[in-house]
Amino acid sequence: MKISRLLFTIHSYFGLITGVFLLLLGLSGSALVFMEELDEWLNQDLLTVQVQAKPLPLDSLYQKITQRYPRLDGLAWINPSAKASDAYTFRLYSNDGKLHTYDLELISLNPYTAEVLREGRYDQFQSGIMQWLFQFHFSFHLGAPGAALTAIFGLTMLISILTGLVVYRKFFWKALTFRVKIKWKNWRTASSDLHRVVGVWALLFNLIIFFTGFWMNKFAFDSSYWKGETQPSKANIAMPQSFDDMLAKAKKALPEFKPTYVYFPTQEERNFNVIGERPRDWALFGASNAVIVDPQKGSILAMSTLDKATWSEKLEALVYPLHVGSFGGLPIRILYILIGLTPGLLSITGFLLWWRRRGKKRPKFVKLNAQA
């Protein structure tokens with residue numbers, strides 16, 4: 001009995017302390033399920049270009065960006081599957097040497113003229129609301145401490161879920177077998193029933209979402225990451241090899257390879273990296289194929305494919321698709337949106353339950369004082 005009461009206390013206070021943050025994480029996460037589609041829709045006029053004979057070489061666009069941003073840790077082409085009428089969008093990785101900033105920036109170019117159509121930091125709305133939400137979701141726009149804080153909230157939610165499972169264990173099967181009806185006669189009974197029913201039905205998905213969220217942010221507990229964040233980006237260095245040639249070589253190395261992310265180095269110690277998917281791959285593992293090319297010599301340094309991955313590598317590959325719901329088409333993505341709203345609902349109903357219990361105790365306190 002004492003253990004159950006202790007677990008109930010832990011469940012309650014973990015939920016109360018992190019409730020507002022979990023509400024924000026859930027709402028932003030739901031919006032980000034359709035990040036690419038919403039960004040394209042919101043900026044359709046801005047990011048649609050007039051089709052011309054042939055796009056400029058990637059080398060020209062790279063030169064345009066690096067001249068505009070002379071100090072970068074690297075940059076990535078994040079829509080290499082762009083249609084002929086789409087702008088090319090690049091994510092810029094920089095570092096101002098401050099721990100409290102997470103220095104992601106974005107620039108979209110007309111691939112035929114290299115005209116800048118959109119640019120800005122992720123913590124500013126010039127880059128777009130979806131980019132702002134993306135960075136907020138994993139760091140609260142607080143840099144390295146924010147990324148660690150988000151990971152900690154992932155752990156606290158896991159503890160809250162597991163303690164809730166023990167506390168409401170007798171209620172679990174009743175909820176799963178639809179033997180519980182939500183009583184709507186007042187806010188007290190409605191909040192209590194909603195908290196338990198929603199908590200049970202969203203249990204597995206929330207365990208997956210918050211564990212994978214923690215796992216992706218565990219880098220924030222690495223001391224070397226914090227040290228690196230205090231070192232500002234160095235001046236860009238020109239690469240001797242053609243990026244167009246290296247991309248063509250990467251595609252040739254893996255038949256039916258469809259790039260989804262192309263990383264361009266701006267520093268001597270970094271390599272050209274192409275990540276993508278192949279038709280035969282299971283969507284649950286996401287884009288799990290990669291080709292790494294030496295930008296100094298143009299030779300392939302390494303190549304990895306899903307079919308040759310170890311079990312640990314496959315488990316690692318599961319993390320991102322499971323977190324964002326990118327593996328099952330529209331029904332799964334809609335489910336993820338709904339599940340993403342449940343932490344907020346659980347936080348609100350949990351607060352109402354705490355408030356109700358607090359209200360029950362208050363008259364006794366008042367009565368004792370009155371007698372005194």
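Guide: Two strands pair if DSSP finds at least two bridges between them. The model discussed here is predicted.

Visitor: Over how many bridges do β5 and β6 pair?
Guide: The two strands run in the antiparallel sense. The number of bridges over which β5 and β6 pair is five.

Visitor: Which strands stand at the edges of the sheet?
Guide: The sheet is open and has eight strands with antiparallel pairing, in the order β4-β3-β2-β1-β5-β6-β7-β8. A strand at an edge has a single partner, so one side of it is left without a neighbour in the sheet. The edge strands are β4 (116-121) and β8 (300-304).

Visitor: What angle does the direction of α11 make with that of β6?
Guide: Helix α11 packs on the sheet and touches β1, β5, β6, β7 and β8. Its direction and that of β6 make an angle of about 40°.

Visitor: At what angle to β3 does helix α5 run?
Guide: Helix α5 comprises residues 129-139 and lies across β2, β3 and β4. Relative to β3, helix α5 runs at about 160°.

Visitor: Which residues have the most contacts inside the largest nonpolar core?
Guide: This core has 27 residues. The elements that give two or more residues to it include α4 (58-68), α11 (243-253) and β6 (272-277). F272 touches, among others, F243, M246 and L247. The residues with the most contacts inside the core are I65, F90, F264 and F272.

Key:
Residues numbered from 1 in each chain as written. Predicted model: local features only at pLDDT ≥ 70, side-chain atom pairs only at ≥ 80, totals over all residues. Heavy atoms only, no water. Core = buried A, V, L, I, M, F, W, Y, C linked by side-chain atoms within 4.5 Å. Buried < 20%, exposed > 50% of the residue type's maximum accessible area, 1.4 Å probe, protein only. Helix = DSSP H or I, 4+ residues; strand = E, 2+ residues; numbered from the N terminus. Contact = heavy atoms within 4.5 Å. Axes fitted to C-alpha atoms, helices over the stretch in contact; angles between N-to-C directions. Lists of a residue's contacts leave out its neighbours within four places in sequence.
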